[in-house]
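Please read the following note alongside the sequence and the model.

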Amino acid sequence: ASDVYKRQTLLLDFICAQKEVSRKEIQDFLGVTQTTANLRITTLIEGGSLEKIGARPSTRYRVTAPIE
């Protein structure tokens with residue numbers, strides 16, 4: 001499996017375990033900048049694996065489907 005797939009799987013596992021997470025929690029988990037966290041979130045939303053709940057500043061994210 002590719003590194004991207006492994007990173008996405010780890011992130012989705014983390015989010016599943018937490019049920020819902022904030023962008024900051026994703027950023028801290030990955031150890032990346034806010035910009036990188038937002039890019040990862042956007043990729044997963046566009047891929048249908050993650051859904052956005054609510055609006056800023058209290059936006060949360062949760063897994064919608066396992067990544068393929």
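Which helices each supply at least two residues of the lining of the largest pocket?

1. The helices in question are α2 (23-30) and α3 (34-46). Helices (H or I, at least four residues) and strands (E, at least two) are DSSP runs numbered from the N terminus.

2. This is a predicted model, in which local features need pLDDT of at least 70 and side-chain atom pairs count only at pLDDT 80 or more, while totals for chains, interfaces and linings use all residues. Residues are numbered from 1 along each chain as its sequence is written, and side-chain values use heavy atoms, with hydrogens and water left out.

3. Strand β1 (residues 50-53) and strand β2 (residues 60-63) run antiparallel and are joined by 4 bridges; two strands pair if DSSP finds at least two bridges between them. Opposite Tyr 61 in β2 stands Lys 52. The hairpin of β1 and β2 has 6 residues between the strands, and Gly 54 takes a positive phi near 80° there.

4. Helix α1 (residues 3-18) contains Arg 7. Arg 7 counts as partly exposed because its relative accessibility is 38% (buried means under 20% relative accessible area, exposed over 50%, partly exposed in between, with a 1.4 Å probe and protein chains only). Although Arg 7 and Leu 30 are 23 residues apart in sequence, their C-alpha atoms are 8.8 Å apart in space.
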